[in-house]
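The model is shown first.

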Amino acid sequence: MQRKSVVRQRPTEDLNAQVLRLSRQNAVLRREVARLQVFRGMAYRDPLTGLWNRRYFEERLAEEQSRSQRAGSERRFSVLVVDINDFKAINDDHGHPVGDALLKWAGEFLHTHLRTHDVPCRTGGDEFAVLLPDVSSEDAARLVTRLREQLVVANRGREIPLGMSLGTATWPDAGATTADLIAHADEEMYADKRRQKANAVVMNAPRARAARPKTRAKDGSTPTPFPTAAARAPFPIV
């Protein structure tokens, strides 16, 4: 009776088969991770400007506060709050497509003139917020000054200039919590908006009429006219 020959698989063949199987599984996992990253990007990105959205900003802000607390009291970080001036009037006068184009331009301006590791986000309709790691209050003030200067240059030749109100706050100087930090930056931003509106009122005010020749009363004295409302009070801060 003839014996059947048994072919035994070599250990190297077993190992090669396992490596091939694991490689295929890793390829499947990489494709799944890439797919999930796409969905994550869609969940954290603003579709109009391409910047990060409010959800991402709040998560990164909490992470930055936690990191700074662990690093010690010497570490600082700041937030910058940005609001576009007269955006509703632009939408009403020129239409929403023009307003959307202005929002895109605002996002590009912030992305271009900030550091690569700063985190600009669109947090509302015409509102933006920027996380500024390792930025002190003095550095934040210099940043605001530089952004104002660069905005003047960028607006040259634009049919519809972009106006921005800016406010900053630094942790922990402006508050121990992220809510305090945002509230302080908002206050600074609205104060800046009021200053800009007040300056615009002064710049656009009509020149005072030339004084008429004074007439003398019957008794020879010069009558003193009643002051106008504009003369009695300064221009209001709107």
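I worked from a predicted model, in which local features need pLDDT of at least 70 and side-chain atom pairs count only at pLDDT 80 or more, while totals for chains, interfaces and linings use all residues. Residues are numbered from 1 along each chain as its sequence is written, and side-chain values use heavy atoms, with hydrogens and water left out.

**Helix packing.** I looked up helix H2 (residues 54-71) and helix H6 (residues 178-204), which pack at an angle of about 115° with axes 10 Å apart. Helices here are DSSP runs of H or I of at least four residues, and strands are E runs of at least two. The contact (heavy atoms within 4.5 Å) is made by Phe57, Leu61 and Gln65 of H2 and by Thr178, Leu181 and Ile182 of H6.

**Serine 68.** Serine 68 is buried, at a relative accessible area of 0%; buried means under 20% with a 1.4 Å probe, protein chains only. Leaving aside neighbours within four places in sequence, serine 68 is in contact with Arg75, Phe77 and Trp171.

**Second largest pocket.** I noted about 370 Å³ of space in the second largest pocket. A pocket is an open set of points on a 1 Å grid where a 1.4 Å probe fits, with protein on both sides within 12 Å along at least five of seven lines; lining residues have an atom within 4 Å of a point. Of its 16 lining residues, the closest to the centre are Ile84, Asn85, Asp86, Gly163 and Gln196. H6 supplies the largest share of the lining, 4 residues.

Conventions
Axes are lines fitted to C-alpha atoms, for helices over the stretch in contact, and angles run from 0 to 180 degrees between N-to-C directions. Grid points are joined across faces, edges and corners, and a volume is the space filled by probe spheres set on the points. Buried means under 20% relative accessible area, exposed over 50%, partly exposed in between (1.4 Å probe, protein chains only).
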